[in-house]
Amino acid sequence: MNQGWTYHNQVDRAGAGLTLLGFYAQRYRHSSRAEWQVRIETGQVHLDGQRASPGTVLKQGQNLAYHRPPWQEPKVPLTFDVLYEDAEVLAIHKPSGLPVLPGGGFLEHTLIHQVQQYFPQGTPFPIHRLGRGTSGVVLMARSQPARAALSQQMRDRQIQKVYRALIGPEQTARPLAEQFEISQTIGKVPYPGLGYIYAATPKGRPAHSACTVLQRRSESTLLAVTITTGRPHQIRIHLATMGYPLLGDPLYGVGGQPPSSSPEDLSRPVPGDCGYCLHAFSLQFSHPRTQDLMQVMSDPPDPLRLTSE
């Protein structure tokens with residue numbers, strides 16, 4: 001069991017005029033309206049520090065707090081390896097299955113919490129994220145100046161990220177060039193239970209992936225993918241739009257869209273589901289203090305290795 005958590009909100013213009021129950025039921029659809037009503041009635045939700053009834057009408061600027069009681073988190077791998085460390089920078093290998101930041105059912109079973117236990121005198125700050133099912137290099141800053149410098153490099157697209165990805169065998173109807181690029185826009189699309197997820201959509205934001213075929217096998221194809229943008233689930237979505245979803249991906253099928261499901265379908269996949277083969281293989285950046293060009297690499301799991309490695 002973890003220690004529980006308190007989630008804070010401030011009522012904005014859109015929330016003003018809603019009832020307390022309506023606010024939570026509308027904003028956080030991972031739980032039913034009936035579940036939110038029970039939480040409010042049992043005192044788990046406070047309005048300006050006080051208990052309130054579900055029908056209380058909200059005003060802009062009021063403060064809300066949902067006190068989630070301790071819960072048993074899903075089991076995940078809780079180890080990580082340090083790939084590089086100095087006073088400014090930390091680069092680690094994240095295992096597949098471990099979320100980077102808290103969210104959903106995860107609070108302490110996250111990479112940031114495990115790193116905090118390892119570095120109690122100032123937790124390093126992640127400069128980027130990896131999906132829960134993605135393994136490999138995560139870059140972190142160990143000081144505020146380093147965080148600012150590395151974050152600026154990320155915004156300026158000066159940090160090069162290369163991934164290993166495993167897709168199905170090459171199809172006669174969809175042959176792959178040795179090198180190819182994908183520029184499908186990615187944005188939010190409606191999704192039951194979560195409100196929205198990211199997927200291929202013409203109304204999305206620009207995204208770019210450069211792919212190289214590393215090895216063609218009888219049952220799979222191994223790719224190196226370099227991304228210059230960091231849209232959520234970019235590689236998973238992009239390869240799916242090419243007709244080649246990642247092997248084992250439960251969410252993104254051909255076309256880069258999630259499967260159709262009804263709001264009552266509790267077994268529908270979510271972005272944090274694992275099973276796909278994707279690894280952050282290398283990351284290149286300028287050291288925030290020395291400006292030296294640095295590259296950190298992480299050994300891929302067996303399915304994402306070349307036969308010669």
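A nonpolar core is a set of buried Ala, Val, Leu, Ile, Met, Phe, Trp, Tyr and Cys residues joined through side-chain atoms within 4.5 Å. Buried means under 20% relative accessible area, with a 1.4 Å probe and protein chains only. The model is predicted, so local features need pLDDT of at least 70 and side-chain atom pairs count only at pLDDT 80 or more, while totals for chains, interfaces and linings use all residues. Residues are numbered from 1 along each chain as its sequence is written, and side-chain values use heavy atoms, without hydrogens and water.

**View 1. The largest nonpolar core has 31 residues.** Those touching the most other members are Ile 92, Leu 111, Val 115, Phe 180, Ile 235 and Leu 239. Leu 111 is in contact (heavy atoms within 4.5 Å) with residues including Phe 80, Ile 92, Val 138 and Met 140, leaving aside those up to four places away in sequence.

**View 2. Helix H2 spans residues 33–41.** Helices (H or I, at least four residues) and strands (E, at least two) are DSSP runs, numbered from the N terminus. Trp 36, Arg 39 and Ile 40 are the buried residues of H2. They line one face of the helix, because they fall within an arc of 95 degrees seen down its axis; the arc is that of the directions from the helix axis to the C-beta atoms. Their cover includes helix H1 (20–27) and strands E2 (45–47) and E4 (63–68).

**View 3. Four strands form an open sheet in the order E1-E4-E2-E3, with antiparallel pairing.** Strands E1 (5–10) and E3 (50–51) are at the edges with a single partner strand each, so one side of each lacks a neighbour in the sheet. Two strands pair if DSSP finds at least two bridges between them; E2 and E4 have three, in the antiparallel sense.

Technical notes
Buried < 20%, exposed > 50% of the residue type's maximum accessible area, 1.4 Å probe, protein only.
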